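Subject: Structure for you to look at

Hello,

Here is the structure I said I would pass on. Please open it and keep it in view while you read the notes below.

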Amino acid sequence: MFCETLVQYFPFTSEYEELRRSYIANCVFNNFLTYLAVMLNIVTYYAIRKTQSLPKTTKTLLLSLVVSDVGVGLFVQPFYTSLLVSWLQRNSPSCLTYRMFNNVGLFFSQASFAGVVAVSVDRFLAVNLHLRYKELVTHKRVLAVVISIWVFSAFVSLIILSGLRLIQIIIQTFAQISSLVGTTVIYIKLYLVVRYHKNRIQFLQARGEQPREIKNLSSVIKSALVSFYVYVAFLFCYAPYWFSVTAIRFYGPTVTLKSLHLFSVTLVFMNSSLNPVIYCWKMRHIRCAVMNILRSMSRNNGVEIKFSTEQSAMSPCDFFPSISDAEELYTSYLANCVFNHFLSFTAIVLNVVTIYVIRKTSSLPKTLKILLTSLAVSDVGVGLLVQPFYTSLLVRLLRQINLTCIEHKIYSLSANVFCTLSLLNVLAVSVDRFLAVHFHLRYQELVTHRRIILVVISIWVFSLVRSFATLWLSNYVNFFISILLNAGGVILTSTIYWRLYLTVRRHKNQIHGMQQSEQTEEMFHISNILKTAVSVFYVCLVFLLCYLPIGICQSAVTLYGSNHTLIKFYHYSMTLVFLNSSLNPVIYCWKMRDIRHTVLNILRRASLNKNRTSR
C-alpha cells in the first residue's frame, strides 16, 4: 500500500518519451549542485567555526543547519541522480529503493527545516529578550535543542519502517504546518519588536544616551535579518515541492505534475547550496572568514603541499607520543605488539580458510555468500596490511624512534579504510537477513545477485573515498563524519534487529495457525533463514563489543585531550578492534551449520589424504 502511494509521485517506464528531457535536465543540475552543496557547506562549516565574533549558541545552530545541507549533497542528491539515471535507462527501481530514498531525503530535509525554525526562534529571542538573552539561551540548552532536532528527524524518517505510514504523515504534516505558522508569527512579532527598538533608539540618540546599546542591538537585528533571508530562501525552494505533492494527491499523477515534481525536488536540493551563499552575502564576519580561507589557499597554491600536524582536534599523532614518553608506555607497547603479531596470523589464516569454505558451501544463498566474502576479505586486509603496519609502529616506538607524519597518515588511512569496510559490510549483511525474513517469498525477486554486487562495490568505493578524504578535511570534520557514520550504523542496525524480532514473531504466529500438513516445509524454510539471521546478529554483537572501546577512547581524547592513560586505553582498544577480524570466522563456524559442516568435510578430506600418502 505504501509503495503504491509513493510510486505515484515518480515516473513510470511508459512515460519515458514525455519525461526524457526532464530526466536529463535534472540529472545535470543535480550533478552540479551535489558538488556545490558539499564544497560550499564544508567551507562554511570551517568559516563559522573560525568566526570568533558569532555567539556560541548561534554558531551551534548554524553548524547543525550546515551539516544537514552537507548530508543532502553527500547522500540524498547522489541517490536522486542514480534514480534519474535508472529512469533514463528505462529501468523501474524497486519499492525498497523508493523507500530508502524517501527515508534518507526525509531525514535530512526534516533536519534542515527544523534547523531553519530553530535559527529563527533564536534570533527572535535575541531581539526580544535583548539583555536577558544570554541568561536564558545557554549553550547547553541549544545543544539539547540540536540533538532533539536530529533525533526527531530520525524518528520521523524511521517510523515508516514499522509500517505506520499514516502516523508518519500526521506527525510530519503537523510539524511542518505548525513550524511554518509559528515561524511566520515569529517574524511578524520580530518586525514589531525591531520597530519598537528603533523608535526607542531614536529617542535615546536625541538625548545623547547609551551609544553601546545602539551598536549591540544593531548587530542583533542584522543577524535576525540574515535568518529571515534563510527562511525566505527555504520557503522559495520548498513551496513548489509542497504544491506538486498536494496537486498529485488531489488531481492524480499526470505527466505534467510529475515533471513539475522532478524539478521541484531539484529546487529543494538547491536550497542546500543557497544557504552558504546567504551566510557569506549577509554576515560580514563569516564573509571575512571565508575570504581569509581563500587567501590562505591561494598563498599555499603552487607551494609544496605538506601534511598539517597541528592538533585542532583528534589526530593519529595524539595516540603515538614522542619517544620521551616511551618508558612509561613500554609495557603497553610490548603487550600490544605481541598480541597483534599473533592476531595478524590468525586473522589471515582463518579468513582465507573462511573465504574458501564460503565458496564451497553450496547451500548458502548466493547473495549472502557475496556479502560474507566481502566481510572476510576486509578482515584479511586488516590482518595482511593494517596489523603488520601497526606492529611496525609499536616496534619503532619500543626502539625509541620518533614516527614521521607520513607514517601517522598511512596508518590512519589504512585503519580507516578497513574499519569503514567492516562497519558497512556488517550493516549490509544485517539488512540482507532482515529482507530475507521480512519479504520471505519475494526476497529472491528483490535482492538479486547483480544488486548485491553493486552494493559491495559501493561499500568499497565509499570506504576508499571517505578514508582518502581524511587527508584533506580538518580533524573536527573527520571526527564528526566518523561519529555520524558510526552512530547511523548502530541506530540502523538496532532498528533492523528490533524489526526483525517483530517479523519473526509474526511469522511464527502465522505458522502455528496453519494446518499440520502445511507447516513442515514453511517451518523448515523460515527456520533456516532465522538461523542465519541469528548468526549475523552474533557478528553484529561482537562487532559492537570490539569497536565500542575505541569509540569511547576517541571521544574522550577529543573532549579532554591526550594523556598516558588514554593512550594505553587506545592501544588496547585498537588491538580489540583487530581481534574482531579473527573472531568473525569463529562465529561463522560456531553458528552457521552449513559452513561448519563444510569445514569438517575439508578437514576429513585433508586427514584422509594425509593417511593415504603416509601409507
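The notes below go from the whole chain to its cores, then to a surface patch and the cysteines.

This is a predicted model, in which local features need pLDDT of at least 70 and side-chain atom pairs count only at pLDDT 80 or more, while totals for chains, interfaces and linings use all residues. Residues are numbered from 1 along each chain as its sequence is written, and side-chain values use heavy atoms, with hydrogens and water left out.

Whole chain. The protein chain has 19 helices and 0 strands; these are DSSP runs, of at least four residues in state H or I for helices and at least two in state E for strands, numbered from the N terminus. Of its 615 residues, 48% count as buried, meaning under 20% relative accessible area, with exposed over 50% and partly exposed in between (1.4 Å probe, protein chains only). The chain exposes about 32200 Å², and carbon and sulfur atoms supply 66% of that area (Shrake-Rupley method, 1.4 Å probe; for residues, only the protein chains shown count as cover).

Cores. A nonpolar core is a set of buried Ala, Val, Leu, Ile, Met, Phe, Trp, Tyr and Cys residues joined through side-chain atoms within 4.5 Å. The largest one has 72 residues, of which W87, F101, F269, Y279 and I286 touch the most other members. Helices that each supply at least two residues of this core include α2 (16–50), α3 (56–88) and α9 (255–282). The largest share, 14 residues, comes from α3. Another core, of 66 residues, lies apart from it and has L371, I496, L500 and M592 among its members. Leaving aside neighbours within four places in sequence, F269 is in contact with N30, V72, V76, Q77, Y80 and F101, where contact means heavy atoms within 4.5 Å.

Surface patch. Y330, L334, V338, F339 and Y572 form a nonpolar patch on the surface, with about 480 Å² of accessible area together. Such patches join nonpolar side chains (Val, Leu, Ile, Met, Phe, Trp, Tyr) within 5 Å, using residues with over 30% relative accessible area and no salt bridge (a side-chain nitrogen of Lys or Arg within 4 Å of a carboxyl oxygen of Asp or Glu). Helix α11 (residues 330–360) gives the largest share of the patch, 4 residues. L334 is found in this helix and is partly exposed, at 38% relative accessible area.

Cysteines. C337 is buried at 12% relative accessible area, and C553 is buried at 0%. A search of the whole structure finds 0 disulfides, that is, pairs of cysteine sulfur atoms within 2.5 Å.

Regards

Notes:
Patches are made of residues with over 30% relative accessible area and no salt bridge: like charges are joined within 9 Å, nonpolar side chains (Val, Leu, Ile, Met, Phe, Trp, Tyr) within 5 Å.
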